[in-house]
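Please take a look at the sequence and the structure shown here.

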Protein chains: 2
Amino acid sequence: MSERVTTPRPTDGELAILRVLWDRGECTVREVHDKLSASSAIGYTTVLKLMQIMTEKGLVERDESERAHVYRPALSEQKTQKQLLGDLLDRAFGGSATKLVLQALSTRRTSGKELAEIRSLLAKLEEEAR
Amino acid sequence: MSERVTTPRPTDGELAILRVLWDRGECTVREVHDKLSASSAIGYTTVLKLMQIMTEKGLVERDESERAHVYRPALSEQKTQKQLLGDLLDRAFGGSATKLVLQALSTRRTSGKELAEIRSLLAKLEEEAR
DNA sequence: AGTAACATACGAAGGTCTTCGTTGACAATA
DNA sequence: TATTGTCAACGAAGACCTTCGTATGTTACT
């Protein structure tokens, strides 16, 4: 009876795979493995297994029409980021987006252009709030 | 020989405990359990065990001088938030703080006062960047 | 002294995550 | 046709997380 409505939070390993998928649109296991093994030693079957599990979880979708199955993300990068962010917000920031934003801004060096971009959104939000 | 330098990322359960600890400064297991069991059914020994493990991991520090041990967070709320945020930034946002901030701002409703606060920090950052 | 309440410690069970070896199917090539 | 390479599937091991029952010790009261 009980069906999962929302996708589960991706784990670290799953997120690494999703990043490749988001970047390329769709991939075979081999492509993902080639990409990932450039920066870390990881076995082919490890990636395969992970992607199989991600299929079960609904994190990715699989096209089995060819011998080498083709995977693509089930959720967009933005949607996933939004979910993860909301999650962290509740778990660690007590729901205060402001605290989170302030923390993020003061942590990482941000370029002038990026600051301008943020200010632009800020202005728009203030406009809407009126 | 090999000693952990940084504290590990707290799990969900550990974070729930840390939030109580940050709020109160220091607590016994009973106090934490009383607080947590208000919102979720969780056994006393479960909380105890978690806090013992957190002590081993270095997430909290323990004063054993009294019969009921007293725990306090090893890292401030801010430091932990910073760590978790940086973590998420790398794992899910490809390191772009701007993307994260924009996402956070557009997701949650933010009050005018908060927006002002953010803009104030923004101005300071732009000043510094010059 | 005896008992009830409360504390930590310990161990184990059940779940998830990560890892990879092995197997068997299929394809390309010698 | 025999061999070599590539693929998905499966199963299992080891680490960690969460959960809690049980054991054992201490305190406080009757």
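Helix H6 (residues 112-129) of chain A packs against helix H5 (residues 97-107) of chain B at an angle of about 5°, and their axes are 10 Å apart. Helices here are DSSP runs of H or I with at least four residues, strands are runs of E with at least two, and both are numbered from the N terminus. The axes are lines fitted to C-alpha atoms, for helices over the stretch in contact, and angles run from 0 to 180 degrees between N-to-C directions. The angle makes H6(A) roughly parallel to H5(B), a term for angles under 35 degrees.

The model is predicted: local features need pLDDT of at least 70, side-chain atom pairs count only at pLDDT 80 or more, and totals for chains, interfaces and linings use all residues. Residues are numbered from 1 along each chain as its sequence is written, while chains are lettered from A and ligands numbered from 1 in the order in which they are written.

In the helix pair, Glu114(A), Glu117(A), Ile118(A), Leu121(A) and Leu125(A) meet Thr98(B), Val101(B), Leu102(B), Leu105(B) and Ser106(B). Contact means that C-beta atoms, placed from the backbone, lie within 7 Å. Ala, Val, Leu, Ile, Met, Phe, Trp, Tyr, Cys and Pro count as nonpolar, Asp, Glu, Lys and Arg as charged, and the others, Gly among them, as polar.

Over the whole interface, 34 residues of chain B are in contact with 35 residues of chain A. H6(B) gives the most to chain B's side, with 11 residues.

How are the two copies related?

Chain A itself has six helices and two strands, in the order α-α-α-β-β-α-α-α along the sequence.

Finally, 21 residues lie around DNA strand C, and Thr11(A), Gly13(A), Gly43(A), Thr45(A) and Lys49(A) come nearest. A residue is near the strand if its C-beta atom, placed from the backbone, lies within 6 Å of it. Five residues of this surface are nonpolar, nine polar and seven charged.

Methods
Angles under 35 degrees count as roughly parallel, over 145 as roughly antiparallel, 65 to 115 as roughly perpendicular and the rest as oblique. Two residues are in contact if their C-beta atoms, placed from the backbone, lie within 7 Å.
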